[in-house]
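Subject: Structure handover

Hello,

Here is the structure you are taking over.

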Amino acid sequence: MDSATQSKQENCKTGTGSRQHYREQLPALADTIVDHCGDGECFLHVDYEPIPSRSSIIDIIDRFREILFPGYFSSEKLDPVNLKYHLGKAATALFDLLAEQIRNSIRHDCYRYNRECRDCEQEGHRVALAMLASVPQLRRMLSADVRATFEGDPAAKSHDEIIFSYPGIFAQTVYRIAHRLSELGVPILPRIMSEHAHSETGIDIHPSASIGNNFVIDHGTGVVIGETTIIGNNVRIYQGVTLGALSLPPHAGEQYRGKKRHPTIEDDVIIYSGATILGGETVIGARSVIGGNVWLTETVPPDTKVIMESPRLIYR
Amino acid sequence: MDSATQSKQENCKTGTGSRQHYREQLPALADTIVDHCGDGECFLHVDYEPIPSRSSIIDIIDRFREILFPGYFSSEKLDPVNLKYHLGKAATALFDLLAEQIRNSIRHDCYRYNRECRDCEQEGHRVALAMLASVPQLRRMLSADVRATFEGDPAAKSHDEIIFSYPGIFAQTVYRIAHRLSELGVPILPRIMSEHAHSETGIDIHPSASIGNNFVIDHGTGVVIGETTIIGNNVRIYQGVTLGALSLPPHAGEQYRGKKRHPTIEDDVIIYSGATILGGETVIGARSVIGGNVWLTETVPPDTKVIMESPRLIYR
Amino acid sequence: MDSATQSKQENCKTGTGSRQHYREQLPALADTIVDHCGDGECFLHVDYEPIPSRSSIIDIIDRFREILFPGYFSSEKLDPVNLKYHLGKAATALFDLLAEQIRNSIRHDCYRYNRECRDCEQEGHRVALAMLASVPQLRRMLSADVRATFEGDPAAKSHDEIIFSYPGIFAQTVYRIAHRLSELGVPILPRIMSEHAHSETGIDIHPSASIGNNFVIDHGTGVVIGETTIIGNNVRIYQGVTLGALSLPPHAGEQYRGKKRHPTIEDDVIIYSGATILGGETVIGARSVIGGNVWLTETVPPDTKVIMESPRLIYR
């Protein structure tokens, strides 16, 4: 055995020795970690039903997409014969998953805020069925979104490309599902869904926002559409557009909860990238065009174009 | 049995009863979901080959990365002896995966648009081989991108850190792979790849854009590089930069498809965060610097600095 | 056999024939791919320990989150009795995972840069224990971040909703873990962690930045907080805010490495969406408000409001 190998082995022994030394301190540290939970400076989630995990959210969204765009996200080849069985099976599986997660979401809310019992089990099944009954309407809206996206984007090669790969359509699919869940009174689940879409696409649409037909989001990264925003038909927005709330006095959260704080965008408006429109009383009139990077906190009449000053050029 | 428990059990029975009630409505609803597919308001994807799923795209990108940066993304320790076998095996596996997905992409396109048969099977193998033959060139370009990133970023501790963790390098790796696939005539697959990178990094580079050597994207969230953009050598861009198209008249998608709609950025240009440069005839001349948040729709001569007006200060 | 079927089968044979033809060229191509590695135009990673994979990073973050917010991200229902065992087990598992990945990170650095041996095995255990000892402090800071987020956001329905779904809180959780690892001298691992959070949320916080208590990031997509940024207490920032470095002369990476290049934000400052603040000597004085899309490279005194010029309206 040469001295290098020997020294390495000794190192290893030292390593094991001190490993023991540090590991022996673990139980006491674990006790501290447990005890510290009770001191009011740690959020604890005990005695509540587990809420939907990210993996079950992804599962629900994937299955819903398969039903909304049949055959597009399937790993097997569909034909007119097996389509019926495929969709039937997908619908049943989605029903069971949705019923369970809706029940958990309602139950979580009831326990947490001491709400009156709503018979979560039954509610879960009722709402899951209502969601499936909404499929034709959701398909109509999403198909119109796909067509509007195709018509306005010269880079799109086909409707298929848009359905397969456009983040705007993914975010709008999740929004339209989450918005319907929200309308049906399901707590917390819609918001977790929309934050999943936000993470995947950089597009942040609050499930309570109201959005009309033929909506287009191009590129999309950085888009924010706040809780009380109202958007009409045939509206097109680009990456980095914020439809947000005006600045609030400190600790205003409670006071403004539920009030209209985000703008109204009327039909046929286009908002270019990086524009910011703020305030619950701000209305962008029909057919107006808001230029890129514009910052707006006041109402704009219909048929108006709003742009920034030109930048300054310096020749070196 | 106390009354609370009893009431809970009764609740459960009610629950089960109504669960049955709702579940019994499922078959009729599933029929509606199937029948509705035929009414023209639903995008259907039947009788076509399944196109690449997200998981196979991720698989291809991961294996390609392992070959482009050998040893960096391997779970086993490589040494000069096993490197040969490791890379040989990785290249063979990548070839098979690529050949299959390229074939599917071409076949999907042929069926969908009634194109002439291109012998997809053979095409898949020919293009997959061409992709592997491009490895040395792709490595040279990406190594140059890594070195340019390191030279310009004081926060970078090492080339390794950049390869392991920088989103710009990930997006550029996927772009350079997808761009080569696009040059070789593969439909749809390149766009799905680039939208995966967009989702992971917030950087949206169309695979058809043309980008020179020593390209740097710092931070990157919100970057958009459109389909017909041309970027020279030694260009550096920051987060939120858009190289986009000018506003189009409504329904202009078809008319402008394939035309140059995005800007040309000449050598040695720097574009700071949030800047937007639009239009197919807009050229940013060599060595120019575009300041942050600048909005440009006109050509800028070489050696020019373009900045925004200073903001207004209000003392409260 | 009709002629169509026959022709298809012949096609298949051709297919197989050429498949063979292309596959036979693979070994020579694989050799090129291996040989090319040695020519200096390819980054190679041989003879080094594998560094943390994305999956082990995600595993560590998930387990850490479960300990920082007990019960929130658990798939089982916790109660006061099983909480103790649950957390104890989670802490032990996290210790082992952390110790291993910290050891790998240190060893990688030592080999790569010929640093003096630091007994990686022992260091891994020492630092992993120090991380667990930091849990109460990390919980205190994150709980304060959650409360500050709730107080300022009328769209937030509950603290739970924020913990479950807000990307700002996820990014801050990862930042506070990575920052502590960074303080304890762990190389590369903190940066890989923060880039994972960046990918999930669009929020890019360098682990070396210094951030005070009650920090709020709303929406968050596009936020960049550079390496040497200093942020005080009760600061609130919105999506698209950059706290960055001034432009550097070319190849300045080496020269500026380690120097303060990013701004200082004092207590109680609010920075609205899309604002950019640059430079190591730039200080935003306490209680100042920086308006949306503002571009700042100079110090702002305390109690100041900085806003952009109003945009120009054109009536069509």
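Please keep in mind that this is a predicted model.

Cavities

I start with the second largest cavity and the strands around it. In chain B, three strands each supply at least two residues of its lining: β4 (224-225), β7 (242-244) and β10 (276-278). The biggest share comes from β7(B), which gives three residues. The volume of this second largest cavity is about 330 Å³. Its lining consists of 30 residues, and those closest to the centre are D218(A), H219(A), Y238(A), A245(B) and H262(B). By class, the lining of the second largest cavity holds 13 nonpolar, 11 polar and six charged residues.

The structure has nine cavities of 30 Å³ or more in total. The largest cavity has a volume of about 440 Å³. Around the largest cavity there are 27 lining residues, and G240(A), G274(A), G240(B), G274(B) and G240(C) lie nearest its centre. What classes of residue make up the lining of the largest cavity? There are 27 polar residues, with no nonpolar and no charged ones.

Helix packing in chain C

One is helix α4 (residues 80-113) with helix α5 (residues 120-133), whose axes come within 7 Å and cross at roughly 135°. Because of that angle, α4(C) counts as oblique to α5(C). The crossing of α4(C) past α5(C) is right-handed. On the α4(C) side, the contact is made by A91(C), L94(C), F95(C), L98(C), A99(C), I102(C), R103(C), I106(C) and R107(C). On the α5(C) side, the residues are C120(C), E121(C), E123(C), G124(C), H125(C), V127(C), A128(C), L129(C), M131(C) and L132(C). Sorted by class, the contact of α4(C) with α5(C) contains 13 nonpolar, two polar and four charged residues.

The other pair is helix α6 (residues 135-152) and helix α8 (residues 167-183) of chain C, which pack at an angle of about 155° with their axes 11 Å apart. That angle is why α6(C) is described as roughly antiparallel to α8(C). The crossing of α6(C) past α8(C) is again a right-handed one. From α6(C), the residues L138(C), M141(C), L142(C), D145(C), V146(C) and T149(C) meet I169(C), Q172(C), T173(C), R176(C) and I177(C) of α8(C). The contact between α6(C) and α8(C) is made up of six nonpolar, three polar and two charged residues.

Helix packing in chain A

One pair in chain A is included here. Helix α3 (residues 54-68) and helix α4 (residues 82-113) of chain A have axes that come within 10 Å and cross at roughly 145°. Is the crossing of α3(A) past α4(A) left-handed or right-handed? It is left-handed. The α3(A) residues in the contact are S56(A), D59(A), I60(A), R63(A), F64(A), E66(A) and I67(A). They meet H86(A), L87(A), A90(A), A91(A), A93(A), L94(A), L97(A), L98(A) and Q101(A) in α4(A).

Regards

Note on methods:
Residues are numbered from 1 along each chain as its sequence is written. Chains are lettered from A and ligands numbered from 1 in the order in which they are written. This is a predicted model: local features need pLDDT of at least 70, side-chain atom pairs count only at pLDDT 80 or more; totals for chains, interfaces and linings use all residues. Side-chain values use heavy atoms; hydrogens and water are left out. On a 1 Å grid over the protein atoms alone, a cavity is a set of points where a 1.4 Å probe fits but cannot get out, and a pocket is an open set with protein on both sides within 12 Å along at least five of seven lines; lining residues have an atom within 4 Å of a point. Grid points are joined across faces, edges and corners, and a volume is the space filled by probe spheres set on the points. Ala, Val, Leu, Ile, Met, Phe, Trp, Tyr, Cys and Pro count as nonpolar, Asp, Glu, Lys and Arg as charged, and the others, Gly among them, as polar. Helices (H or I, at least four residues) and strands (E, at least two) are DSSP runs, numbered from the N terminus. Axes are lines fitted to C-alpha atoms, for helices over the stretch in contact, and angles run from 0 to 180 degrees between N-to-C directions. Angles under 35 degrees count as roughly parallel, over 145 as roughly antiparallel, 65 to 115 as roughly perpendicular and the rest as oblique. A crossing is left-handed if the near helix is turned anticlockwise from the far one by less than a right angle, and right-handed if clockwise. Contact means heavy atoms within 4.5 Å.
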